[in-house]
Amino acid sequence: MYFQKKRVIAMLLAGGQGSRLKVLTEKTAKPAVPFGGKYRIIDFPLSNCVNSGIDTVGILTQYQPLELNEYIGNGQPWNLNKTHSCAQVLPPYERHDKKSGWYKGTANAIYQNIDFVDRFNPDYVVILSGDHIYKMDYAAMVAYHEKHKASCTIAVRNVPLAEASRFGILNTNPDNTIYEFEEKPAKPKSTNASMGIYCFNWQVLRDALIADEENPSSANDFGKNIIPAMLNDKQVMVAYNFEGYWKDVGTIESLWEANMDLLSVPMPIDLHDKKWRIYAKNPGLAPHYIAKGAVVSDSLVTEGSEVYGSVQHSVIFAGVTIEEGASVIDSVVMPYAVIKRGAVVRRAIVAENAVIGAGCMVGEETGNIAVVGQGVTLPAGVSVTAGQQVDENTKF
């Protein structure tokens with residue numbers, strides 16, 4: 001089979017368990033978690049690829065991949081189903097050399113798919129994470145990489161010094177060349193935090209992946225192994241500064257905060273930007289309906305939703321029903337959830353297909369975010385306190 005040579009392809013790591021999202025990822029991979037009323041988290045890096053002119057994307061899946069695989073399909077929503085373009089789902093598989101099985105780390109995941117990358121003989125490979133909300137022009141990053149004649153370019157953002165120990169920190173020279181990488185240092189020397197977005201010369205990365213795989217003590221991870229090894233090998237490595245909106249939505253609190261950010265004016269990540277659209281799979285539902293007497297303020301309400309009650313400062317996804325007398329405040333209600341008559345949902349996330357029974361109280365005015373998991377039905381009149389996580393095994 002003929003595969004057209006590509007200058008750049010992207011490899012999108014979308015197989016993480018997302019354990020910090022707890023009940024939201026018990027049945028689905030983190031990149032498939034709904035976000036922003038009509039999107040999934042993975043829509044953002046995929047749309048960035050399309051808008052950056054990258055038309056070949058390998059999507060590495062592992063944990064709970066069914067919903068994510070169905071969502072991606074043949075890549076049509078992102079215009080990645082054309083001749084010589086693709087959005088290819090890449091689960092673990094048995095290799096001829098028997099070095100297969102579950103992906104052991106981020107680097108091992110790319111190693112196991114060397115054959116896929118080789119088909120396109122790319123000059124550069126952009127490595128992406130599937131669980132961040134941001135808009136970035138990867139073409140500009142690749143141009144920066146070429147200009148500096150680098151083997152590896154790492155996207156960085158400046159973080160407060162108090163938070164720097166949570167990240168991989170890059171210590172750089174005045175020309176942005178990297179001389180040291182520290183993984184979550186107790187006493188960081190800079191505030192240049194790695195975003196987990198890399199551009200590599202493919203042949204250099206290919207050799208590094210093979211060498212890493214042959215090291216039995218390696219964790220097979222980019223941050224822990226590949227980056228330090230390339231630095232030790234005196235490869236030219238540079239930092240690419242990113243100053244736009246970026247949110248790691250790997251926790252309940254950060255996911256809720258990122259959704260609430262969309263209610264700010266101006267919106268910190270502009271979803272109305274026609275020059276940099278965020279593409280998504282359209283459910284094809286009827287327009288949303290706001291009933292007479294319903295109250296909706298400072299909220300996003302998506303197609304197919306029916307609101308008969310009150311919605312304040314909230315994000316309402318497709319197909320949601322909010323019955324008369326129900327109130328939703330400072331909350332995220334995901335697709336096809338139902339909020340029954342008289343229920344109050346406050347500072348909470350209600351997952352897909354959940355049903356909040358009549359008269360229930362979910363969340364509180366202060367405290368951590370309450371979460372009702374996917375497909376859960378709350379009996380009438382029960383209470384879910386601040387920070388409580390409810391799944392199908394929760395007893396009331």
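**Figure 1. N-terminal cap of helix H7 in the predicted model.** Asp-221 caps the N-terminal end of H7, with a side-chain oxygen placed 2.9 Å from the backbone nitrogen of Gly-223. Helix H7 itself spans residues 222–232. After the helix comes Lys-234, which has a positive phi near 65°. Buried residues of H7 include Phe-222, Gly-223 and Asn-225, and Ile-226, Ile-227, Met-230 and Leu-231 are buried as well. An α-helix has 3.6 residues a turn, so residues three or four places apart point the same way.

Figure 2. Ile-227 counts as buried because its relative accessibility is 0%, where the limit for a buried residue is under 20%. Leaving aside residues up to four places away in sequence, Ile-227 touches the aromatic residues Phe-181, Tyr-198, Phe-200 and Phe-222. Tyr-144 lies 83 residues from Ile-227 in sequence, and the C-alpha atoms of the two are 18 Å apart in space.

**Figure 3. Salt bridge between Arg-7 and Glu-146.** The closest N and O atoms of Arg-7 and Glu-146 are 2.7 Å apart. Arg-7 belongs to the segment before strand E1 (8–13) and Glu-146 to helix H5 (residues 138–147), so the pair ties together parts that are 139 residues apart in sequence. Arg-7 counts as partly exposed at 42% relative accessibility, and Glu-146 likewise counts as partly exposed at 32%. In total, the model contains 15 salt bridges.

**Figure 4. Salt bridge between Arg-206 and Asp-118.** Here the closest N and O atoms are 2.8 Å apart. Arg-206 is located in helix H6 (residues 202–213) and Asp-118 in helix H4 (residues 114–120); the pair therefore ties together parts that are 88 residues apart in sequence. Arg-206 is partly exposed, at a relative accessible area of 23%, and Asp-118 is also partly exposed, at 28%.

**Figure 5. Salt bridge between Asp-273 and Lys-135.** The closest N and O atoms of this pair are 3.7 Å apart, and the cut-off for a salt bridge is 4 Å. Asp-273 occupies the loop between helix H8 (252–261) and strand E14 (289–290), and Lys-135 the loop between strand E7 (132–134) and H5, so the pair ties together parts that are 138 residues apart in sequence. Asp-273 counts as partly exposed, with 25% relative accessibility, whereas Lys-135, at 18%, counts as buried. Elsewhere, salt bridges with shared partners join Arg-40, Glu-67 and Glu-352 into one network.

**Figure 6. Aromatic pairs and a cluster.** The whole structure holds 11 aromatic pairs. One of them joins Phe-35 and Phe-44, whose ring centres are 5.6 Å apart and whose planes meet at 80°, so the pair is edge-to-face. Phe-35 and Phe-44 are both buried. The pair of Tyr-71 and Trp-78 is edge-to-face too, with 5.6 Å from centre to centre and 65° between the planes. Tyr-71 and Trp-78 are likewise buried. Together with Tyr-39, Phe-35 and Phe-44 form one aromatic cluster.

**Figure 7. Arginine side chains over aromatic rings.** The charged end of Arg-40 sits over the ring of Tyr-71, at 5.5 Å from the ring centre. Arg-40 is also part of the salt-bridge network with Glu-67 and Glu-352, and Tyr-71 also pairs with Trp-78. The charged end of Arg-347 sits over the ring of Trp-256, 4.8 Å from its centre.

Terms used
Residues are numbered from 1 along each chain as its sequence is written. This is a predicted model: local features need pLDDT of at least 70, side-chain atom pairs count only at pLDDT 80 or more; totals for chains, interfaces and linings use all residues. Side-chain values use heavy atoms; hydrogens and water are left out. Helices (H or I, at least four residues) and strands (E, at least two) are DSSP runs, numbered from the N terminus. Buried means under 20% relative accessible area, exposed over 50%, partly exposed in between (1.4 Å probe, protein chains only). Contact means heavy atoms within 4.5 Å. A salt bridge is a side-chain nitrogen of Lys or Arg within 4 Å of a carboxyl oxygen of Asp or Glu. A polar contact is a pair of N or O atoms within 3.5 Å; within protein, one must be able to donate a hydrogen and the other to accept it, and residues adjacent in sequence count only if both atoms are side-chain atoms. Rings of Phe, Tyr and Trp (its six-membered ring) pair if their centres lie within 6.5 Å; planes under 30 degrees apart count as stacked, over 60 as edge-to-face and the rest as tilted. A charge sits over a ring if NZ of Lys or CZ of Arg is within 6 Å of the ring centre and within 35 degrees of the ring normal.
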